[in-house]
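Here is a short briefing for a first look at this structure. Keep the sequence and the 3D view open while reading.

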Amino acid sequence: MPAHDTRLPLSRRGFLLASTGAAAALALAPAPAHAGARRPFGRFGSPAARLTPQTLYVDPKGRGDHTTVKDAVSAATGSGWTLVLAPGTYRETVAVDATRTEATWIGASEDPRDVVIVYDNAAGTPKPGGGTYGTTGSATTTVQADGFTARWITFANDWLRADHPDITGTQAVAIKVQGDRSAFHHCRFLGHQDTLYADSIALTSFARQYFSHCYAEGDVDFVFGRATAVYENCHFRTLNRTDLAAAPYGFVFAPSTAGANPRGYLVTRSRVSSEAPDAFYKLARPWVPSSDTTARPSLVVRDTWLGPGIDAAAPYTNMSDAFPWQNQRFAEYRDTGPGARITVPENRPQLTAEQAESATRAAYLGDWKPWQGEC
């Protein structure tokens with residue numbers, strides 16, 4: 001089994017329940033002692049003891065340079081800024097444009113449950129002035145800049161279908177990442193449909209992204225996009241649904257890799273668990289968007305534990321019959337668990353040992369090594 005947090009993850013539904021009746025913030029977990037009133041920024045300095053001239057401190061209680069992440073991003077013009085976020089819930093949408101390169105965001109308590117950036121737009125949510133947000137516009141956080149790093153932060157979208165039965169565009173993105181060399185360590189991504197959008201800035205841009213010791217949950221296509229992305233020691237959890245009477249409830253991965261890109265998503269030393277009944281989820285389906293019908297979605301899942309929530313007999317399905325999953329680049333290698341049982345071999349394409357030698361983080365990420373140093 002890969003290394004993982006032994007505590008039961010507090011799901012998006014869990015933190016919504018925890019916040020019922022609380023107008024101020026989502027009570028995810030008690031803050032550690034070093035994140036208390038005297039030291040809201042932990043070991044990462046303070047406005048009075050700034051780590052570097054390009055470090056800004058954010059605290060909703062007013063003990064930092066800014067009370068919102070959006071204001072801190074606006075102040076951090078140019079390259080190389082660090083934002084240290086004190087524990088709290090930041091209910092806002094945030095965008096890091098392409099000019100704000102080499103940025104680092106740090107959750108000061110070093111526990112992602114304590115620092116939450118959350119909003120509740122969906123694709124079908126009406127926009128002021130007319131129209132709707134669409135999938136991309138629904139994102140709570142959008143990162144377009146290269147060289148972005150985040151540690152110990154929860155990115156969430158708490159829009160719920162049950163609260164909006166009139167809205168059919170139910171995609172609700174927690175974060176959309178488009179920049180090259182984007183790294184997330186010990187972060188959480190909470191939503192239901194289209195939670196984690198690992199993408200690129202343009203069709204011809206092969207953005208590399210790395211997710212280490214992260215947690216992502218959802219139901220429909222909740223990890224999706226065309227980035228070259230490595231997910232290492234991560235935990236993916238599929239949610240239960242009361243609005244559907246039969247399987248499938250959803251799909252974990254929906255890559256949309258460009259045909260010219262040799263590498264899409266690599267999931268390694270990770271785990272997939274579920275709140276739903278056994279075999280009610282597919283592992284993946286290929287997304288060939290109308291904007292790029294030449295896409296050839298790519299996904300390798302290796303050395304990963306697949307729980308009973310995954311349909312072992314038929315883990316893949318089509319998003320469109322015009323682009324069958326068998327024509328895409330899906331493969332597995334040395335996976336374990338009840339969801340990894342090979343009962344119908346033609347439905348479980350496997351890498352050879354020789355092919356697996358090229359399915360590594362180093363091969364996918366090239367000269368960028370985000371696992372080195374502090375992770």
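Rings of Phe, Tyr and Trp (its six-membered ring) pair if their centres lie within 6.5 Å; planes under 30 degrees apart count as stacked, over 60 as edge-to-face and the rest as tilted. By that rule, a search of the whole structure finds 23 aromatic pairs. This is a predicted model, in which local features need pLDDT of at least 70 and side-chain atom pairs count only at pLDDT 80 or more, while totals for chains, interfaces and linings use all residues. Residues are numbered from 1 along each chain as its sequence is written, and side-chain values use heavy atoms, with hydrogens and water left out.

**Aromatic rings**

- A pair of aromatic rings is described by the distance of the centres and the angle of the planes.
- Trp 105 and Phe 155 are stacked, because their ring centres are 6.4 Å apart and their planes are at 25°.
- Trp 105 belongs to strand E5 (residues 104–107) and Phe 155 to strand E9 (residues 154–157), so this pair ties together parts that are 50 residues apart in sequence. Strands (E, at least two residues) and helices (H or I, at least four) are DSSP runs, numbered from the N terminus.
- Trp 105 is buried, with a relative accessible area of 2%. Buried means under 20% relative accessible area, exposed over 50% and partly exposed in between (1.4 Å probe, protein chains only).
- Phe 155 is also buried, and its relative accessible area is 0%.
- Phe 184 and Phe 189 form an edge-to-face pair, because their ring centres are 5.7 Å apart and their planes are at 70°. Both residues are buried.
- One aromatic cluster includes Trp 105, Phe 148, Phe 155, Phe 184 and Phe 189.
- Arg 263 lies over the face of Tyr 364, at 5.9 Å from the ring centre. A charge sits over a ring if NZ of Lys or CZ of Arg is within 6 Å of the ring centre and within 35 degrees of the ring normal.

**The open sheet**

- Strands of a sheet pair through backbone hydrogen bonds, either parallel or antiparallel.
- Here, 10 strands make an open sheet with parallel pairing, in the order E1-E2-E5-E8-E11-E14-E17-E20-E23-E25. Two strands pair if DSSP finds at least two bridges between them.
- Strand E1 (55–58) and strand E25 (329–333) stand at the edges with a single partner strand each, so one side of each is left without a neighbour in the sheet.
- On average, neighbouring strands of this sheet are turned by 10° against each other, direction ignored. Axes are lines fitted to C-alpha atoms, for helices over the stretch in contact, and angles run from 0 to 180 degrees between N-to-C directions.
- E5 pairs with strand E8 (residues 149–151) in the parallel sense, over three bridges. Trp 105 stands opposite Ala 150 in E8.

**Strand E14**

- In a regular strand the side chains alternate between the two faces of the sheet.
- Strand E14 (residues 208–212) is mostly covered, with five of its five residues buried.
- Arg 208, Tyr 210 and Ser 212 are on one side of E14, and Gln 209 and Phe 211 are on the other.
- Strand E11 (residues 182–185) runs parallel to E14, joined by four bridges. His 185 stands opposite Ser 212 in E14.
- E14 also pairs with strand E17 (residues 228–232), in the parallel sense over five bridges. Glu 232 in E17 is the bridge partner of Ser 212.

**Strand E23**

- Five of the five residues of strand E23 (residues 298–302) are buried, so the strand is largely enclosed by the rest of the structure.
- Ser 298, Val 300 and Arg 302 point one way from E23, and Leu 299 and Val 301 point the other way.
- Strand E20 (residues 265–268) runs parallel to E23, with four bridges between them. Thr 268 stands opposite Arg 302.
- E23 and E25 run parallel and are joined by five bridges. Ser 298 stands opposite Arg 329 in E25.

**Tyr 57**

- Tyr 57 lies in strand E1. Tyr 57 counts as buried, at 0% relative accessibility.
- A polar atom of the Tyr 57 side chain lies 2.7 Å from the backbone oxygen of Phe 44.
- The Tyr 57 side chain also reaches the backbone nitrogen of Ser 46, at 3.4 Å.

Definitions and conventions:
A polar contact is a pair of N or O atoms within 3.5 Å; within protein, one must be able to donate a hydrogen and the other to accept it, and residues adjacent in sequence count only if both atoms are side-chain atoms.
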